Amino acid sequence: MLLQDQVAIVTGASRGIGRAVAVDLARQGASVLINYQRNATAAEEVVADIRQAGGDALAHRADVSDESEVAGIIEATLSHWGRLDILVCNAGATVDAPLMRLKPEQWHHVIETDLTSAFLCCRAALPAMRSRQYGRIITMGSLAGLAGNVGQTSYAAAKAGLVGLTRALAREVAAEGITANVVAPAYIDTDFIENVSPAIREWAINTIAMRRFGTTDEVAAAVSFLASPRSSYITGHVLTLDGGWVMP
Amino acid sequence: MDFTGQVAIITGGSRGIGRAVVCDLARRGAKVLFCYRERGEAAAETLAIVHNAGGVAEAVQADVSDPTTGTALVQAALERWGRLDILVNCAGHVGYGPMEDMSTARWRNVIATNLTGVYHTCRAALRPMMQRRYGRIINLSALHASGGFPGQADYSAATAGVQGFTRSLAREAAAWSITVNSVAPGFVETEMLDVIPGEIRAWGEGIIAMRRTGRPEEVAAAVVFLASSMASYITGHTLAVDGGWRMAG
């Protein structure tokens, strides 16, 4: 197992990509804190799935855009397991609207949830990683942050911002055994894309080299690799999973 | 990551990154055929490492800039083991010296080995991979491709060419579930690093966020990830393994 005895935090882990990441990290041997904001039932299901497979997990409710609640995530992790090796900043939201109709409160909501949350989580996680001179930080970017996407100016700005945040952080902590990388998926089969219109879906499928959307398990596999000791010389990288679409 | 039953071809497998890839894949159960151009003793050492660990590997002497080498390697792998799952192009040649001193022969040699050699092996590997509708191709590039590097314009051109080639082939081969990616190392402890003058090396190490050079095994880990079933939705990508040097492109 790649992650024997390690401890991980996954934000937004009750469903979709976050859930798959948490389950895969646990399968690789890590104990995982399952952060969620609203759906306690779904989060407890993830915990139950992991425990049933012989793994170790704990559900923890927190709003990742709230400084004190983020501190609570770290406290819960350290008091339960005594260490922190892996942080996956996955929690995110999007409010799609053309720029002319995008309201400031919608903009703020997306920036807070997708970008500021990563700042808060990374900052809170650093002392525990620094004390052991080891850490793996993975932020969940998006192809939209690299190539842009119609109706997603706020989401694209937040996800592009994550790249800048992650790379700057990677340079700050590189000498301390901590790496920071971005995983940037394109269209992945989650309830995120159920809202995408059939016309857009068809256009996307026809322009993706692999002619299919990715799966949450495929994103999780990339995260697990970057979360493992085997990625020790990779930092500040943006690992895109786009099935050969844009190839940024 | 288990590669039991899979067959891999590695070019330039006698030393450096190529050797680390051979050993890592063989340790995980793959049967590995690798080629080397001139270092027979180093190739024998690589074989000994694999065999002592209970792995399966064979070596053949071949120059990847020879247009017949790709076909010969693929034929040899198919005759021995009946299939081909993975191709890793590690064979590389590098010199050092400013443009005004760069001879046409040096330019041609670097392009022929680092870029055209990749074309030859990939073309040969495609048919058996297409027949089984599965394949993993990983081409070694370098940070030179996106960052440029003084004294190595030829190598920069060749490794950038590898990335363009990789993306195009990724688009062509996706329909057969063949992924094609490249890995772009920075300063890695191999003999290739020895040609770089001390002051240039110091400049590079000053830029690397981790303030250290990489080990061949760390690059091999990235190659093995891309060669595994874990990387099934990643194609046309260049995975940088540079300790946080470039962080762009």
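In this predicted model, the contact between the two chains draws 25 residues from chain B and 26 residues from chain A. On the side of chain B that touches chain A, three elements each supply at least two residues: α6 (153-173), α8 (216-227) and β7 (238-241) of chain B. The most comes from α8(B), which gives four residues. By class, this side of chain B holds 14 nonpolar, seven polar and four charged residues.

Helix α6 was also examined in chain A. There, α6 (residues 153-173) has 21 residues. From its first C-alpha to its last, α6(A) reaches 30 Å, close to the 30 Å expected at 1.5 Å a residue. Buried residues of α6(A) include A:Ser154, A:Tyr155, A:Ala156, A:Ala158 and A:Lys159. Further along, A:Leu162, A:Val163, A:Thr166, A:Arg167, A:Leu169, A:Ala170 and A:Val173 are buried too. An α-helix has 3.6 residues a turn, so residues three or four places apart point the same way.

Helix α1 of chain B spans residues 16-27 and has 12 residues. Its reach is 17 Å from first C-alpha to last, close to the 16 Å expected at 1.5 Å a residue. Of the 12 residues of α1(B), 11 are buried, so this helix is largely enclosed by the rest of the structure. The buried residues include B:Arg19 and B:Asp24, along with B:Ile17, B:Val21, B:Val22 and B:Leu25. After α1(B) comes B:Gly29, with a positive phi near 105°.

Conventions:
Residues numbered from 1 in each chain as written. Chains lettered and ligands numbered in written order. Predicted model: local features only at pLDDT ≥ 70, side-chain atom pairs only at ≥ 80, totals over all residues. Expected span 1.5 Å × (residues − 1). Buried ≥ 20, exposed ≤ 12 C-beta atoms within 10 Å, placed from the backbone. Contact = placed C-beta atoms within 7 Å. Nonpolar A, V, L, I, M, F, W, Y, C, P; charged D, E, K, R; others polar.
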